[in-house]
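Student: I am new to this structure. Could we walk through it together, one question at a time?

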Amino acid sequence: MYKYCTNCGKKILSEENFCKHCGTKFSRKSGTTEINDFDNVSNNNISESTYQFIVDKLTFRFMSTKINTTVTVKNNILSTYAKCKSRMLSKKYLNKQINVSDIISFEYKQYATIALLDMFIFAVGLLAAVLEPSYIIAYAIMEACLLWRTLVPSLEIKTKDGGHLNILFSPVDNGKIMLKLISEITNKEIDENSEIKIPFSKKPFVAALIYIIVAFILAVIFA
């Protein structure tokens, strides 16, 4: 089990009584936040600031899953925790803690929230393309559209050590909250009426190309 020092944000062993990186002494309850304690952050009122972001992940036009992200800022430590009923396979950079002083840049991006259902549909489409290669292009377009609907607007935060985390949000519904969060982190005044622009993503087109190549190779092998 690991925990994070609330002074420098570095990861240390849970049984340690002081931070080996900055020398800060602490108790188990007050000095650190356990990795598995994200669910209790807001309930224990230990955060100085808490932000809530809600966004829909679309799989089909009439089927969506809400993704709830809680961001807390305390003692120079930014913590994120994302909840989603449908298991996301790309959670690696959604649940994380970083030291605010280590942040070097912010960037708006499209984040792929691939769920198990998405993977199942992709597998079925790949099997269909292998069985009937003449429709490979059509299947690839279908899979690209599927991936396009899994993309969710995100704020990507990069740190000095080369790491990064992503905060999923809706520019329309959570835009002002996101600007407030950035304002607190940077200690700069930011116009709440500023327009947040999410860049165009090439991921679906790249995925479609890879899909065609893989399906063609499998079709040749099993033909």
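Student: How many residues does helix 2 have, and what does it reach from its first C-alpha to its last?

Tutor: Happy to start there! This is a predicted model, in which local features need pLDDT of at least 70, side-chain atom pairs count only at pLDDT 80 or more, and totals for chains, interfaces and linings use all residues. Residues are numbered from 1 along each chain as its sequence is written, and side-chain values use heavy atoms, leaving out hydrogens and water. Helix 2 has 15 residues, and at 1.5 Å a residue the expected reach is 21 Å, to which its own is close: 21 Å.

Student: Which residues of helix 2 are buried, and why do they line one face?

Tutor: Buried means under 20% relative accessible area, exposed over 50%, and partly exposed in between (1.4 Å probe, protein chains only). The buried ones are Ile136, Ala140, Glu143, Ala144, Leu146, Leu147 and Thr150. Seen down the axis of helix 2, they line one face because they fall within an arc of 160°.

Student: How do helix 1 and helix 2 run, roughly parallel or roughly antiparallel?

Tutor: The axes of helix 1 (residues 116–131) and helix 2 (residues 136–150) come within 9 Å and cross at roughly 170°. Angles under 35 degrees count as roughly parallel and those over 145 as roughly antiparallel. Therefore helix 1 and helix 2 are roughly antiparallel.

Note on methods:
Axes fitted to C-alpha atoms, helices over the stretch in contact; angles between N-to-C directions. Helix = DSSP H or I, 4+ residues; strand = E, 2+ residues; numbered from the N terminus. Parallel < 35°, antiparallel > 145°, perpendicular 65-115°, else oblique. Expected span 1.5 Å × (residues − 1). Arc of directions from axis to C-beta.
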